[in-house]
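This report is meant to be read beside the sequence and the 3D view.

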Amino acid sequence: MEKSIQYKDALKKSGLKMLNLCENQLTNAYQSFSTFDTDLAEEVMHKENRVNALDIKIEEECEQYLALYKPVARDLRFIMAIRNINSDLERIGDHAYSIARNVTIKNTPVDSKLMEILQIEKMFSAVMEMTQFVSEGFVNKNSKIARKVFKKDKIVDVINTNSYTIIAEEVTKNPKLIEDALVLFSIIHKLERVGDLIKNIAEKIIFYLDAEIIMHKKIK
Amino acid sequence: MTTTTKNRKIEKIPQENILDNASKISIKEMDIWYGAFHAIKEVSMKINPNTVTAFIGPSGCGKSTFLRLFNRMNDYIESFHFDGKIKIDGKNIYGKKTNIEELRKKVGMVFQKPNPFPKSIFENVAYGLRIQGIKDKKIIAERVENSLKQVALWEEVKNDLKKSALALSGGQQQRLCIARTLAVQPSVILMDEPTSALDPISTASIEDLIFKLKEKYTIIIVTHNMQQASRISDYTAFFYMGNLVEYNKTELIFTKPEKKQTENYISGKFG
């Protein structure tokens with residue numbers, strides 16, 4: 001029994017390491033974009049290998065835990081949640097990589113005024129708060145905190161939806177903005193996807209802690 | 001009765017009308033003592049026909065005692081006494097008019113260790129029939145063949161029916177013991193850790209057999225093997241210190257047990 005608890009703890013630790021790593025990747029990717037820091041962007045791209053390596057490590061640990069200890073009930077939900085969360089985090093890592101890649105491809109910083117109108121900073125802050133909620137919820141085994149994610153995600157969704165009209169208007173007014181607008185549109189879309197992935201993670205934490213499946217349900 | 005817990009439907013086992021005649025077995029407020037030791041504490045339960053019900057719990061929790069209640073095997077223990085009601089097919093099995101031999105014909109039992117008689121394979125299966133007074137050789141031969149076919153042993157032994165049953169492997173011996181039980185045409189089969197002395201291959205064949213047999217019989221199995229309980233049973237009852245802690249559909253017991261004690265036991269955190 002002692003051994004299985006150690007195994008589970010090690011897995012939890014690996015999960016947290018992955019969460020922190022992806023959170024840092026996202027923060028650095030966004031910072032590299034907002035400050036047009038190509039060195040930082042390259043660092044993010046370089047660290048993508050670590051995300052992939054940890055992804056594989058966690059997958060192997062899950063396989064071993066399942067094979068050796070055949071968990072049931074909460075332990076089974078834990079392992080199912082960890083596997084799904086790991087996969088979602090890996091995809092968040094991919095999005096961070098893509099954001100950083102945009103910085104290295106583009107020659108000049110994007111138009112700061114357009115960034116402001118699109119509320120990208122607000123969107124990013126909301127996404128980061130969401131990662132905090134899932135992180136706290138997971139560490140403290142508190143599904144209430146994880147549930148806060150859903151409300152926050154609405155902010156992300158609204159900014160994403162509004163971006164279509166704003167970009168259309170701004171580009172009509174000033175066609176020179178087209179290149180920046182396309183980049184920003186792509187960043188917004190990525191952040192929106194990250195928001196969805198964090199929402200998925202929150203759902204898995206709730207499943208693990210409360211045995212409640214809330215996927216594909218509308219949460220008010 | 002179906003209730004909804006959050007978003008998952010949980011089919012509760014109705015506890016009202018516990019002694020109704022629709023259940024195969026119904027037990028109401030059963031207490032069992034061995035002398036002053038209170039082995040089973042006010043347990044009520046209904047068991048549906050053609051299902052496999054697993055009794056799980058740590059050693060000494062009372063699950064085997066409870067199982068042996070169903071064919072009055074506890075009667076042999078001097079200090080045994082009980083209070084409560086138990087009906088099989090609507091009939092009180094501890095009633096004054098109960099014929100114990102008839103009861104045991106109806107409620108067969110398979111034990112932990114295969115216990116074939118030191119007789120031929122054929123005679124082992126025919127034993128119960130001869131005890132019942134059946135003399136027609138044709139009927140006996142048919143029943144023996146049919147029983148051995150049900151336990152998937154016929155093809156392996158049909159040319160060696162006169163061979164000693166003791167020469168069979170452990171897994172074959174256990175299947176033979178099940179065939180011996182089936183020969184007298186019971187409707188309930190009690191199994192007390194039937195695979196604990198067997199290797200994984202023999203265990204798998206007994207488990208397959210149990211799955212097949214539930215079409216015709218009601219099976220109650222005591223097991224210490226959690227995976228086995230989850231693999232083969234429809235319902236699982238968790239006993240702890242003489243109490244029935246939780247009794248529900250197996251898929252719910254092993255995914256979302258209602259009681260923390262059940263969760264800890266099935267996860268191997270105690271017991």
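The text below goes through the sheets, a helix, the cores, the chain contact and a few single residues.

The model is predicted: local features need pLDDT of at least 70, side-chain atom pairs count only at pLDDT 80 or more, and totals for chains, interfaces and linings use all residues. Residues are numbered from 1 along each chain as its sequence is written, while chains are lettered from A and ligands numbered from 1 in the order in which they are written.

Helices (H or I, at least four residues) and strands (E, at least two) are DSSP runs, numbered from the N terminus. Two strands pair if DSSP finds at least two bridges between them.

One open sheet of chain B has six strands in the order β8-β9-β10-β5-β11-β12, with mixed pairing. Its edges are β8 (107-110) and β12 (243-249) of chain B; each has a single partner strand, so one side of each has no neighbour in the sheet. On average, neighbouring strands of this sheet are turned by 15 degrees against each other, direction ignored. For such angles, axes are lines fitted to C-alpha atoms, for helices over the stretch in contact, and angles run from 0 to 180 degrees between N-to-C directions.

| Strands (chain B) | Bridges | Opposite residues |
|---|---|---|
| β9 (188-192) and β10 (218-222) | five | B:D192 and B:V222 |
| β5 (52-56) and β10 | four | B:F55 and B:V222 |

A residue is buried if 20 or more other C-beta atoms lie within 10 Å of its own, exposed if 12 or fewer, and partly exposed in between, with C-beta atoms placed from the backbone. In β5(B), five of the five residues are buried, so this strand is largely enclosed by the rest of the structure. Both of its faces are covered, with B:V52, B:A54 and B:I56 on one side and B:T53 and B:F55 on the other.

## The four-stranded sheet of chain B

Another open sheet has four strands in the order β4-β3-β6-β7 (chain B), with antiparallel pairing. Here β4 (37-47) and β7 (91-92) of chain B stand at the edges with a single partner strand each, so one side of each is left without a neighbour in the sheet. Seven bridges join β4(B) to β3 (residues 25-34) of chain B in the antiparallel sense. Among the paired residues, B:I32 has B:I40 in β4(B) as its bridge partner.

B:E42 also lies in β4 of chain B. Its phi is positive, near 45 degrees, in a residue other than glycine. B:E42 counts as partly exposed because it has 14 C-beta neighbours inside 10 Å.

## Helix α6 of chain B and the cores

Helix α6 (residues 170-183) of chain B has 14 residues and spans 20 Å from its first C-alpha to its last, close to the 20 Å expected at 1.5 Å a residue; the expected span is 1.5 Å times one less than the number of residues. It lies across β8 and β9 of chain B, running at about 170 degrees to β8(B). Since 13 of its 14 residues are buried, α6(B) is largely enclosed by the rest of the structure. After α6(B) comes B:Q185, with a positive phi near 55 degrees.

A nonpolar core is a set of buried Ala, Val, Leu, Ile, Met, Phe, Trp, Tyr and Cys residues joined through C-beta atoms within 7 Å. The largest core has 68 residues, of which B:F55, B:F70, B:A179, B:L190 and B:I219 touch the most other members. Its largest share, six residues, comes from α6(B). A second, separate core of 55 residues includes A:L11, A:L26, A:A146 and A:V194.

Two residues are in contact if their C-beta atoms, placed from the backbone, lie within 7 Å. Apart from neighbours within four places in sequence, the contacts of B:F55 include B:K63, B:F66, B:I220 and B:F239.

## Chain contact and loop residues

The contact takes twelve residues from chain B and eleven residues from chain A. On the chain B side that touches chain A, three residues are nonpolar, five polar and four charged.

In chain A, A:N142 is in the loop between α5 (120-139) and α6 (143-173). A:N142 and A:I178 are 36 residues apart in sequence and 45 Å apart in space, C-alpha to C-alpha.

Conventions
Nonpolar A, V, L, I, M, F, W, Y, C, P; charged D, E, K, R; others polar.
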